[in-house]
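Here are my notes on this model, point by point. Please keep the structure open while reading.

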Amino acid sequence: QVQLVEAGGGLVQAGGSLRLTCTASGTISSINDMGWYRQAPGKQRELVASIISGGSTNYADSVKGRFTISRDNAKNTVNLQMNSLKPEDTAVYYCKAKIISFLGIPYNYWGQGTQVTVSS
């Protein structure tokens, strides 16, 4: 069994910063790519940023230059540093990880989500 637990959401004023952390635990052989997605009310879930095990990253255009994704492979964690936050960043943020079991089978796992609210 694998579990992803997110932490770090909250309420912040526009221009402020937040740091999200997601930790994977359970029966894990290895983790391929990890990422953060978000879903605002009435909108589809969208990719915010992703990072593969080798460290290459990918960002949504709307967050480039403001958000930074990083991971600690030894601790099975992925972080999202969010700076210069805008009201349009308000959403529930979800962590996702492609985890390889000891049988070599990959599977996508999702966290429960953490609310980020940016006030104007």
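1. Among contacts in the protein chain between residues at least 6 apart in sequence, 56% join residues at least 24 apart. Contact here means heavy atoms within 4.5 Å. This is a predicted model: local features need pLDDT of at least 70, side-chain atom pairs count only at pLDDT 80 or more, and totals for chains, interfaces and linings use all residues. Residues are numbered from 1 along each chain as its sequence is written, and side-chain values use heavy atoms, with hydrogens and water left out.

2. The protein chain has 11 strands and 0 helices. Both come from DSSP runs, numbered from the N terminus: helices are H or I with at least four residues, strands are E with at least two. The radius of gyration is 14 Å, close to the 14 Å that the globule rule gives for 120 residues, so the protein chain is as compact as a globular protein of that length. That radius is taken over C-alpha atoms, and the rule is 2.2 Å times the number of residues to the power 0.38. The C-alpha trace spans about 50 × 25 × 25 Å along its principal axes.

3. Of the 120 residues, 40% count as buried. The cut-offs are under 20% relative accessible area for buried, over 50% for exposed, and partly exposed in between (1.4 Å probe, protein chains only). The accessible surface comes to about 6400 Å², and 48% of it belongs to carbon and sulfur atoms. Areas follow the Shrake-Rupley method with a 1.4 Å probe; for residues, only the protein chains shown count as cover.

4. Which residues touch the most other members of the largest nonpolar core? They are Trp 36, Leu 80, Met 82 and Tyr 93, in a core of 31 residues. Strands that each supply at least two residues of this core include β1 (2-7), β4 (30-39) and β5 (46-51). The largest share, 5 residues, comes from β9. A nonpolar core is a set of buried Ala, Val, Leu, Ile, Met, Phe, Trp, Tyr and Cys residues joined through side-chain atoms within 4.5 Å.

5. Tyr 93 deserves a look. Not counting residues up to four places away in sequence, its contacts include Trp 36, Leu 80 and Met 82. Among the others are Glu 6, Arg 38, Gly 113 and Thr 114.

6. The structure holds 1 disulfide (a pair of cysteine sulfur atoms within 2.5 Å). The disulfide joins Cys 22 to Cys 95, with S to S at 2.1 Å. The link is left-handed, with -80° about the S-S bond. Cys 22 lies in strand β3 and Cys 95 in strand β9, so the pair ties together parts that are 73 residues apart in sequence. Both cysteines are buried.

7. Now β8. Of its 6 residues, 5 are buried. β8 runs antiparallel to β3, with 6 bridges, and antiparallel to β7, also with 6 bridges. Two strands count as paired if DSSP finds at least two bridges between them. Leu 18 has Met 82 as its bridge partner in β8, while Thr 68 stands opposite Gln 81. β7 and β8 form a hairpin with 4 residues between them, and Asn 76 in the turn has a positive phi of about 55°.

8. Is Thr 77 buried or exposed? At 11% relative accessibility, Thr 77 counts as buried. Thr 77 is found in β8. Beyond four places in sequence, Thr 77 touches Cys 22, Thr 23, Met 34, Ser 70, Arg 71 and Asp 72.

9. β11 pairs in both senses. β2 (residues 10-13) runs parallel to β11 over 4 bridges, with Gly 10 opposite Val 116. β9 and β11 are antiparallel over 3 bridges; there, Val 92 has Gln 115 as its bridge partner. In a regular strand the side chains alternate between the two faces of the sheet. The covered face of β11 has Thr 114, Val 116 and Val 118, and the uncovered one has Gln 115, Thr 117 and Ser 119.

10. Last, Ile 105. This residue lies in the loop between β9 and β10 (106-110). Not counting residues up to four places away in sequence, Ile 105 touches Ile 99 and Ile 100. The C-alpha atoms of Ile 105 and Gly 15 are separated by 42 Å, at 90 residues apart along the chain.
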